[in-house]
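Please look at the sequence and the model first.

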Amino acid sequence: MRLHWSPRSPFVRKVMVLAHEVGLADRIQTTRTLVAMHAPNVSLLADNPLAKIPTLLLDDGSVLYDSSVICEYLDGLHAGPRMFPAGPERWVALRRQALGTGWLDMLVLWRNAREQEVPPKAWIDGFVLKNEAVLAALEAEDLSGPLTIGHIAIGCALAYLDFRYAEMGWRSGRPRLSAWFEGFAARPSMIATAVVDA
């Protein structure tokens, strides 16, 4: 399998964290692929018409894109505990994945808005409000229990906060979420996929 990849994409990291957790990382060949909202990667369009990463090329020539789809595909290739569990736990995991991945979408848009010469104030105010609401919801949530795709998505979003918004100091006043993330960030899968601005 070949993955269009970047060392600073939190969505790529989500895929690679799961791949490490389920023992498939060594089966994925990564191809450095630069993408930007303002400058689509024309060479990527043949594999993904949205020109977004991650994009996974399978051995049979077919292509998967979107981190959530790729993660679910990879979760079907191993014999260990499922990151997409069955039963009632599945809906908790999917809800958490939706929250973490949607939060990442918002954080990337927020970063792009902040880089504009005159950032739209209403957008920035909205991002701040939603970010605080997400953090409050996560502080109130019990994230203990077996690792799932929901934990991975949330953990990658918190790591992205550290990477792009370090000045925010999100840990202040959130002891339970901070303690959970400290343990999650120490997992070998997170250490092996550390985001770098390169």
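Predicted model: local features only at pLDDT ≥ 70, side-chain atom pairs only at ≥ 80, totals over all residues.

Residues are numbered from 1 along each chain as its sequence is written, and side-chain values use heavy atoms, with hydrogens and water left out.

Helices (H or I, at least four residues) and strands (E, at least two) are DSSP runs, numbered from the N terminus. Helix H2 spans residues 67-75, and its buried residues are Ser 67, Ser 68, Ile 70, Cys 71, Leu 74 and Asp 75; buried means under 20% relative accessible area, with a 1.4 Å probe and protein chains only. They lie on the same side of H2 because they cover an arc of only 165° around the axis, taken from the directions from the helix axis to the C-beta atoms. Their packing partners include strand S1 (2-5), strand S3 (55-57) and helix H5 (149-164).

Strand S1 runs parallel to strand S2 (residues 29-32), and 4 bridges join them. Within this pairing, Arg 2 stands opposite Gln 29 in S2.

Thr 55 lies in strand S3 and is buried, with a relative accessible area of 0%. The C-alpha atoms of Thr 55 and Arg 2 are 8.4 Å apart, though 53 residues separate them along the chain.

Two polar contacts (pairs of N or O atoms within 3.5 Å, one able to donate a hydrogen and the other to accept it; residues adjacent in sequence count only if both atoms are side-chain atoms) are listed here.

| Atom one | Atom two | Distance |
|---|---|---|
| Asp 66, side-chain oxygen | Ser 68, backbone nitrogen | within 2.9 Å |
| Lys 52, backbone oxygen | Thr 55, side-chain polar atom | 2.7 Å |

How values were computed
Buried < 20%, exposed > 50% of the residue type's maximum accessible area, 1.4 Å probe, protein only. Contact = heavy atoms within 4.5 Å. Pairing = 2+ DSSP bridges.
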